[in-house]
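Hi everyone, thanks for coming. Let's walk through this one together, starting with the helices.

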Amino acid sequence: MSAHCQLTGRRPGFGNNVSHSHRRTKRRFDPNIQSKRYWLPSEGRHVRLTLSAKGVKTVDTIGVEAAVARIRARGGKA
């Protein structure tokens with residue numbers, strides 16, 4: 001599963017681990033990605049969305065129909 005949110009567009013951030021001796025090595029900050037299954041009443045089927053934790057809260061707020069409309073407007077598959 002790729003580490004990006006279909007709704008909010010969150011992707012991994014990159015940076016450095018910094019040790020006590022101040023040596024730097026590359027690291028990756030992954031978003032909290034969850035795979036959620038929602039019932040889409042207009043199409044009479046379930047859709048599986050790959051969402052960040054903030055994306056899940058956004059779907060709870062605006063509703064699954066509006067969220068799927070936003071994802072499709074961005075050119076995503078839902």
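Helices (H or I, at least four residues) and strands (E, at least two) are DSSP runs, numbered from the N terminus. This is a predicted model, so to speak of local features we need pLDDT of at least 70, side-chain atom pairs count only at pLDDT 80 or more, and totals for chains, interfaces and linings use all residues. Residues are numbered from 1 along each chain as its sequence is written, and side-chain values use heavy atoms, leaving out hydrogens and water.

Okay, helix α1, residues 53-62: its buried residues are Gly-55, Val-56, Thr-58 and Val-59. Looking down the axis, they fall within an arc of 160 degrees, so they line one face of the helix; that arc is taken from the directions from the helix axis to the C-beta atoms. On the face turned away, you'll find Lys-57, Asp-60 and Thr-61 exposed.

What do the buried residues of α1 pack against? They pack against β3 (33-40), β4 (45-52) and α2 (64-73), where contact means heavy atoms within 4.5 Å. Just after α1 comes Gly-63, with a positive phi of about 95 degrees.

Now α2. Val-64, Ala-67, Val-68 and Ile-71 are its buried residues. They cover an arc of only 95 degrees around the axis, which puts them on the same side of α2. Their packing partners are β3, β4 and α1. After α2 we reach Gly-75, whose phi is also positive, near 95 degrees.

Key. Buried means under 20% relative accessible area, exposed over 50%, partly exposed in between (1.4 Å probe, protein chains only).
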